Amino acid sequence: MPILELLSRAEKLKQAIVNISKEIDHHLLALSPTTDLDNYKKFLTLQYSYQVEGENLYQHVDLHKYVDNLFDRTRLPLIEQDLNDLKHPLPNRTLQPRCFQHTDFAYALGWLYVIEGSQFSATTLGKQVEAELKLNNQRGARYLAKASECNKGCQLSHLIDNLELSDEQQATLIEGAEQARQRFKFYQAQFY
């Protein structure tokens, strides 16, 4: 039996985006976001722009039925506070938030999985920011503290594994996650 058939739905989803996720993480690590404040501000600006695009995910009616405290999960206000702490202006909102209100549930869940569960080494990065830049969850690194909170990704993986989804919905779930990763890559190219 092929290994892919033994994987859970969440593991298959993770496997589907593993290459682009590694590429994105490798690129960010190479840019050393914790080397100095300028690099860190670029990192926050990248995260801000990406989170703006996904802002409306947290209002998706069907996601609210399955994901606890969805409103409270958004980290956009924390990034705004972090940039304000660092006296860095908010980036211009050149792109409007993506409209997820009437988006297919499985597609929106794929996006949410990426935004919530695929944080760029948030715990490690948070420790580096605290050690090297003297920032923390009270000043300048609120976003990283929230992003590294335990098992948001695990909660979503559990949900994904236990939902009843058709083959078409499973494909749509993967499509949403792939699109979310591609959009992050797009923003990454804008700021680095």
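Me: Contact means heavy atoms within 4.5 Å. Which residues does leucine 37 touch, not counting residues up to four places away in sequence?

Reply: With those neighbours set aside, leucine 37 touches Leu86, Leu133 and Leu135. This is a predicted model, in which local features need pLDDT of at least 70 and side-chain atom pairs count only at pLDDT 80 or more, while totals for chains, interfaces and linings use all residues. Residues are numbered from 1 along each chain as its sequence is written, and side-chain values use heavy atoms, leaving out hydrogens and water.

Me: How far apart are the C-alpha atoms of leucine 37 and leucine 133?

Reply: They are separated by 7.0 Å, although the two residues lie 96 residues apart along the chain.

Me: Where is leucine 37, and what is its relative accessible area?

Reply: Leucine 37 belongs to helix H4. Helices (H or I, at least four residues) and strands (E, at least two) are DSSP runs, numbered from the N terminus. The residue has a relative accessible area of 37%, so it is partly exposed. The cut-offs are under 20% for buried and over 50% for exposed, with partly exposed in between (1.4 Å probe, protein chains only).

Me: What does H4 do with H7?

Reply: The axes of H4 (residues 37–53) and H7 come within 10 Å and cross at roughly 150°. H4 is therefore roughly antiparallel to H7. Axes are lines fitted to C-alpha atoms, for helices over the stretch in contact, and angles run from 0 to 180 degrees between N-to-C directions. Angles under 35 degrees count as roughly parallel, over 145 as roughly antiparallel, 65 to 115 as roughly perpendicular and the rest as oblique.

Me: Which residues make that contact?

Reply: From H4, they include Tyr40, Leu44 and Tyr48; from H7, Leu76, Ile79 and Leu83 are among them.

Me: Which residues of H7 are buried, and what do they pack against?

Reply: Leu76, Ile79, Asp82, Leu83 and Asp85 are buried in H7. The buried residues of this helix pack against H4 and helix H10 (142–147). After H7 comes lysine 87, whose phi is positive, near 55°.

Me: Changing topic: how confident is the prediction?

Reply: The chain averages a pLDDT of 86, and 89% of the residues score at least 70. pLDDT is the predictor's confidence in each residue, from 0 to 100. Confidence is lowest in helix H1 (residues 3–6), at a mean of 57, and highest in helix H7 (residues 76–85), at 95. Where pLDDT is low, the predicted coordinates should not be read in detail.

Me: And how many helices and strands are there?

Reply: The chain has 12 helices and zero strands. Of its 192 residues, 47% count as buried.

Me: Which residues have the most contacts inside the largest nonpolar core?

Reply: They are Tyr40, Leu57 and Leu109, in a core of 52 residues. Helix H8 (residues 105–117) supplies the largest share, 10 residues. A nonpolar core is a set of buried Ala, Val, Leu, Ile, Met, Phe, Trp, Tyr and Cys residues joined through side-chain atoms within 4.5 Å. Leaving aside neighbours within four places in sequence, leucine 109 is in contact with Leu63, Leu156, Leu159, Ile160, Leu163 and Leu173.

Me: Lastly, at what angle do H3 and H12 pack?

Reply: Helix H3 (residues 18–30) and helix H12 (residues 167–191) pack at about 25°, with axes 10 Å apart. They are therefore roughly parallel to each other. Among the residues that meet are Ile20, Ile24 and Leu28 in H3 and Arg181, Phe184 and Gln188 in H12.
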